[in-house]
Amino acid sequence: MLKVLKSAIGLSAIAVLTPVSTGLAMPQSVAAQQTASPSTAPYKDASLPTEERIEDLLSRMTLQEKVAQMLTIWEQKERVQTPQGAFDFAKASAAFPDGIGMIARPSDFRGVDQSNSGDAGASAEGRNRTVRETVDYVNAAQSWAMNETRLGIPILMHEEGLHGYVARGATSFPQAIGLASTWDPELIEKVYSVASREMRSRGAQLALSPVVDIARDPRWGRIEETYGEDPYLVSEIGLAAIRGFQGRTLPLADDKVLVTLKHMTGHGQPESGTNVAPAELTEHTLRTYFFPPFERAIKEGNAMSVMPSYNEIGGLPSHANGWLLNDILKEEWGFEGAVVSDYFAIREMVTRHQMLEDAKQAAERAIKAGVDNEMADADTFLELPALVADGSVDEALIDEAVRRILRLKFTAGMFEKPFADVDYAERIEANPEAIALAREAARKSMILLKNDGLLPLEREGLGSLLVVGTHAVDTPLGGYSDVPRKVVSVLEGIQKAADGAFEVTYSEGVRITESRVWAADPVDLVPEEENRRLIAEAVTAAESADVIVMVIGGNEQTSREAWATTHLGDRTDIDLVGQQMDLARAMLATGKPVVTLLLNGRPLSIVELDETAPAIIEGWYLGQETGNAVADVLFGMANPGGKMPVTVARNVGQVPFFYNHKPQARRGYLFDTLDPLYPFGFGLSYTSFDVSGPRVLGEEHTIDSTVAVEVDVTNTGQYAGDEVVQLYLRDKHASVTTPVKQLVRFERVTLQPGETRTVRFELEPIDFSLWNDRMKRVVEPGAFLLMAGANSRDVTEAGLVLK
């Protein structure tokens with residue numbers, strides 16, 4: 001069966017073969033075949049090796065066609081589309097006669113209005129495309145590229161995928177820091193498999209995810225986008241995300257997309273906690289903490305795209321850092337994919353860093369440093385032909401960059417299957433399987449921080465439950481979100497769980513900001529007098545309640561990416577914003593049992609709440625199934641088992657605060673404690689567990705041997721539940737200073753009451769390695785400590801000697 005698609009401006013009719021099983025389709029333009037390269041060209045032969053196809057295509061390209069592959073358009077989409085947003089063949093041919101390397105976020109209406117694929121909540125500036133609108137746009141753009149340009153090179157389409165595909169109607173999962181709190185790589189792989197399937201079904205082949213930079217400063221508004229502070233945890237969660245997006249082998253399957261590792265590197269420990277500020281980190285610190293997640297993602301996960309960070313290290317912005325991108329990434333680690341710039345980052349070497357004079361200088365520095373593609377718009381790299389002409393840039397550098405970009409396209413199978421099937425895309429989007437997974441992920445993301453016996457709530461005998469808090473109704477999803485088909489609020493989830501067995505009432509209690517649009521520049525706090533009125537109403541409502549569920553924390557405006565001086569998201573404190581603590585005091589003063597649910601992006605200092613509240617759950621942002629998952633946990637249908645992926649400081653004076661510090665780093669403070677509010681790896685359960693000390697198997701161990709370690713874990717309580725067994729390591733005496741402990745293995749296990757399980761870990765020589773003063777990774781013989789426990793603080797030790 002054939003169906004006919006019209007080009008956006010009615011220039012030609014394109015017959016589209018209906019897909020058989022893949023959900024993807026391949027049009028052929030009769031009108032364009034006269035200008036297309038011969039079908040017998042080797043680069044079009046899918047049976048040939050990828051590298052042979054790349055070299056054949058590269059040999060046919062002019063300099064202008066090569067540079068075109070290094071360009072992206074986003075805000076410039078107006079140059080290739082109608083005022084209404086349909087792809088326009090004639091405009092595209094006039095503006096980009098040599099083709100386009102990449103289109104950013106085809107699911108948004110950039111170029112029509114200021115819609116943004118990272119816009120959480122309802123945007124005042126426009127909406128993003130539906131499934132059908134996105135597929136129509138992508139297919140038209142690919143038809144133009146394949147049939148109206150000389151060589152017929154398809155366009156790489158990239159989308160955001162921080163915690164699900166960022167597109168209208170797609171499945172929204174818990175924010176990245178919440179996903180890391182699951183400590184469950186198998187679940188993470190499933191989550192990103194859904195994100196990949198939904199993204200690819202609309203015609204994208206590249207995800208700008210995952211973020212594998214470690215995060216060490218809670219003032220930084222982007223901490224929610226990370227998997228936490230620990231290199232091993234970030235590596236394991238990052239690898240699981242890559243397996244979900246890409247699969248376990250390349251080339252890509254039809255439902256997979258390539259990943260982009262973000263942001264290399266040091267982005268998560270910026271000076272003063274402010275986004276894109278310098279990160280003055282030594283090479284030893286980089287190699288010990290910041291590099292490992294990137295290196296493992298490339299060597300073990302086959303990541304094919306890397307995005308440098310905005311910040312500078314040692315006076316060099318990452319986009320000008322040849323040591324970082326060429327020497328380390330491409331040479332030392334053997335990275336064969338493409339380095340894609342962060343949005344406008346090359347231009348920012350002129351504007352923000354004030355380092356270079358103009359776009360021409362910026363382009364020269366970036367290409368020589370190893371940047372292969374410029375995003376989000378064709379800008380400084382437009383200068384590359386002139387730089388080649390005047391001898392400033394060798395064309396061989398251009399060739400190498402284009403090889404890497406073409407490698408992505410061939411690996412993704414784009415020359416064979418560039419098109420999407422809208423019927424398939426609509427059928428699989430946010431389907432029941434995806435929604436059930438979003439609920440499971442939300443349940444497993446929640447961390448029980450405190451419980452004086454109040455939880456789980458008993459439905460029987462509960463007369464009335466009061467839900468308090470504006471975000472119990474207006475559910476925050478976090479940055480890099482769009483509008484899902486259905487978001488279940490906390491109030492709705494509890495009402496469903498009640499099912500008439502008890503009364504559920506609601507009072508707003510406190511409002512944090514006037515809006516929660518992530519992309520809006522101003523952030524206006526709600527006036528105190530308005531919140532005093534709301535708090536008084538909540539106190540009155542609490543008089544008839546048996547139990548109060550209080551939802552506080554933050555939203556997409558109180559912690560977010562600060563991408564401009566007019567669009568800020570970092571803070572000088574880590575406390576609850578506005579009058580939320582006043583609400584908490586008022587609710588606790590009623591004498592009623594109060595369950596505190598935190599929905600937030602950054603880890604919060606809640607010292608007073610920890611001292612006074614009977615039950616606290618950290619939820620981060622839980623995605624579209626927030627309410628159902630919260631009800632599952634509140635009423636004991638699920639037992640929380642999440643663990644902190646970061647250390648939670650008691651106050652901002654302890655920042656930066658991370659568990660794997662050096663021995664000399666925590667001498668103490670006058671009038672205060674060194675203790676964290678919650679240690680890395682912390683999380684309680686409705687049941688109790690006993691985690692044994694580590695047992696080292698075998699008698700003799702060398703620096704070249706594998707070391708087997710066993711840890712017993714027993715459910716000593718009355719409920720089935722999950723525990724995360726954590727194994728830490730310390731090199732006691734070495735040629736350089738070493739952290740007091742570092743996570744080397746973990747496993748989340750589910751146990752019935754009274755059940756014991758022995759968890760076995762195999763440690764490889766690299767787990768005992770360090771970077772010495774010569775910047776060589778070595779394993780040094782000597783004494784080590786192994787530590788096992790349910791968090792980084794409460795551990796039991798065992799000694800080990802490597803000979």
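How many aromatic pairs does a search of the whole structure find? The search finds 22 such pairs, where rings of Phe, Tyr and Trp (its six-membered ring) are paired if their centres lie within 6.5 Å, planes under 30 degrees apart being called stacked, those over 60 edge-to-face and the rest tilted. One of them is the tilted pair of F502 and F635, with 5.6 Å from centre to centre and 40° between the planes. This pair links distant parts of the chain, 133 residues apart: F502 lies in the loop between α16 and β16, and F635 in the loop between α20 (626–634) and β20 (689–691). Helices (H or I, at least four residues) and strands (E, at least two) are DSSP runs, numbered from the N terminus.

The structure is a predicted model, in which local features need pLDDT of at least 70 and side-chain atom pairs count only at pLDDT 80 or more, while totals for chains, interfaces and linings use all residues. Residues are numbered from 1 along each chain as its sequence is written, and side-chain values use heavy atoms, with hydrogens and water left out.

Strands of a sheet pair through backbone hydrogen bonds, either parallel or antiparallel. Here two strands are taken to pair if DSSP finds at least two bridges between them.

Strand β7 (residues 206–208) is paired with β8 in the parallel sense over 2 bridges, and L206 stands opposite L258 in β8.

Several local features of the backbone were also identified. L250 and P251 are joined by a cis peptide bond with omega of about 5°, P251 being placed in the loop between α7 and β8. Another cis peptide bond joins K262 and H263, with omega of about -20°; H263 is found in strand β9 (residues 261–264). N302, in the loop between α8 and β10 (305–308), has a positive phi near 60° although the residue is not glycine.

Rolling a probe the size of a water molecule over the atoms shows where empty space is left. On a 1 Å grid over the protein atoms alone, a cavity is a set of points where a 1.4 Å probe fits but cannot get out, whereas a pocket is an open set with protein on both sides within 12 Å along at least five of seven lines; lining residues have an atom within 4 Å of a point. Grid points are joined across faces, edges and corners, and a volume is the space filled by probe spheres set on the points.

The largest pocket has a volume of about 700 Å³. Its lining comprises 35 residues, of which P292, I766, D767, S769 and R777 lie nearest the centre. At least two lining residues are supplied by each of α7 (231–246), α8 (283–299), β23 (721–731), β24 (742–751) and β26 (770–771), and the largest share, 8 residues, comes from α8. The lining divides into 14 nonpolar, 8 polar and 13 charged residues, with Ala, Val, Leu, Ile, Met, Phe, Trp, Tyr, Cys and Pro counted as nonpolar, Asp, Glu, Lys and Arg as charged, and the others, Gly among them, as polar.

The count of cavities of 30 Å³ or more comes to 6. The largest cavity holds about 70 Å³ of space, and its lining, which includes E65, Q69 and R150, has 3 nonpolar, 3 polar and 3 charged residues. The second largest cavity holds about 60 Å³. Among the residues that line it are H163, Y165, Y480 and D482, and by class this lining has 6 nonpolar, 5 polar and 1 charged.
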